[in-house]
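Here is a short briefing on one protein chain. Look at the sequence and the model first, then work through the points by topic.

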Amino acid sequence: MAHSIGFITVLSLLAIAPLCFSGNTLGGYLYPQFYDHSCPKAQEIVKHFVAKAVAEDPRMAASLLRLHFRDCFVKGCDASILLDSSGTIISEKRSNPNRDSVRGFEVIDGIKAAIEKECPHTVSCADIMALAAGDSTTGGPNWEVPLGRRDSKGASLSGSNNNIPAPTNTFQTILTKFKLQGLNIVDLVTLSGSHTIGNARCTSFRQRLYNQSGNGKPDYTLDQSYAARLRIDCPRSSGDQNMFSLDFVSRVKFDNSYFKNLLGDKGLLNSDQVLFTKNAESRELVKQYAYNQELFFEQFAKSMIKMGNISPLTGYKGEIRKNCRKVNAY
């Protein structure tokens, strides 16, 4: 028991992030009350649209979380992922990780249109994404989202191709990509817990079923009865787009069953299971979260705030886009 309490204390210290204020180096601060006077109904509007979208399509909760994550890992949390290709801009939507993967753009468009009617040219697309992600964990962790981000005037296709962790990456590669964003191993394991909801395509884990190491043999760290079930709808050479739940136990419920699955060698993606098989510190975190859902929820809130503070544009940097898909015309 003493060891467990000590570990939890260290865990909190490792990834602690202030819950109300998030500093940055660009001359401003993010804080939850940023729009209290300029657009007091903003958060209410976001919550309404997200609830409606998730009620119509439960997958949308995971999609909105993924959208925020993939935005923040490229040029910071600046809504660059929302930009369509035009002029000199090559959209991040065309990158290898994002193509056929990111979705939810229409939901963000709807929120933006409603907020523009309520308070024109006030709330950034980057903040809308951060709020939408925060409203996507219904029944799970909740937190006050620090606000005050502004939108980028450009995108980075190369950044999207290089910075976003891939399901086939090694543990060390994934950890390095997190560290490059100022995140640590606690954030890595904790944010991976968002895979308690959402889906993945056959193509993102097929190698585990048939040819994990290039020798024609499956990944034996994957429970073999679970692997046999997966092979039915993910054959060796077809079914690329067939969808599978990242957490087969509670497909649309935000809980800690993802970590329990890892304990049973039933993580769907290679990038999931390596959290338990390739590093002692991450393995201990997986165990802690599998046994203590409250601890997972508490740390998830801290790590989401920390991720949401990756290189935000504030003050006079960037702009407040009128249309999230394109930069303003001047």
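The accessible surface of the protein chain comes to about 14,700 Å². Carbon and sulfur atoms hold 54% of that surface. The model is predicted. Of the 330 residues in the chain, 55% count as buried.

**Overall build**

- The protein chain contains 14 helices and 4 strands.
- Its radius of gyration is 20 Å, close to the 20 Å that the globule rule gives for 330 residues, so the chain is as compact as a globular protein of that length.
- Along the principal axes, the C-alpha trace spans about 55 × 50 × 35 Å.
- Take the contacts in the chain with a separation of 6 or more: residues 24 or more positions apart account for 75% of them.
- The side chains include 39 positive and 31 negative ones. The centres of these two sets lie 5 Å apart.

**Annotated domain**

- An unreviewed UniProt entry places the feature "domain: Plant heme peroxidase family profile" at residues 29–328.
- That span is 44% helix and 3% strand.
- The end C-alpha atoms of residues 29–328 lie 24 Å apart.

**Annotated binding site**

- The unreviewed UniProt entry gives the annotation "binding site" to Asp71, Val74, Gly76, Asp78, Ser80 and Glu92.
- These residues are spread over 22 residues of sequence, yet they cluster in space, with a largest C-alpha distance of 13.1 Å.
- Val74 sits in the loop between helix H3 (60–72) and helix H4 (105–118). Val74 is buried, at a relative accessible area of 0%.
- Not counting residues up to four places away in sequence, Val74 touches Ser80, Glu92, Ser156, Gly159, Ser160, Asn163 and Ile164. Ser80 and Glu92 carry the "binding site" annotation too.
- Asp78 also lies in the loop between H3 and H4. Its relative accessible area is 2%, so Asp78 counts as buried, the cut-off being under 20%.
- With neighbours within four places in sequence left aside, the contacts of Asp78 are Asp71, Ala126, Arg150, Asp151, Ser152, Leu313 and Arg321. Asp71 is another residue with the "binding site" annotation.

- Tyr35 is in the loop between strand E2 (29–30) and helix H2 (42–56).
- Tyr35 is buried, with a relative accessible area of 4%.
- Which residues does Tyr35 touch, not counting those up to four places away in sequence? They are Pro40, Thr122, Val123, Ser124, Asp127, Leu147 and Arg149.
- Tyr35 and Thr122 are 87 residues apart in sequence, but their C-alpha atoms are 8.3 Å apart in space.

- Ala79 has a phi near 65°, a positive value in a residue other than glycine.
- Ala79 is found in the loop between H3 and H4. At 0% relative accessibility, Ala79 counts as buried.
- His121 has a phi near 55°, again positive in a residue other than glycine.
- His121 lies in the loop between H4 and helix H5 (125–134).
- Is His121 buried or partly exposed? His121 is partly exposed, with a relative accessible area of 41%.

Terms used:
Residues numbered from 1 in each chain as written. Predicted model: local features only at pLDDT ≥ 70, side-chain atom pairs only at ≥ 80, totals over all residues. Heavy atoms only, no water. Helix = DSSP H or I, 4+ residues; strand = E, 2+ residues; numbered from the N terminus. Rg over C-alpha atoms; globule rule 2.2 N^0.38 Å. Buried < 20%, exposed > 50% of the residue type's maximum accessible area, 1.4 Å probe, protein only. Contact = heavy atoms within 4.5 Å. Areas by Shrake-Rupley, 256 points an atom, 1.4 Å probe, with all protein chains shown as cover. Lys, Arg positive; Asp, Glu negative; His and termini not counted. Charge placed at Lys NZ, Arg CZ, Asp CG, Glu CD. UniProt positions renumbered as here; feature names shortened; annotations may be inferred.
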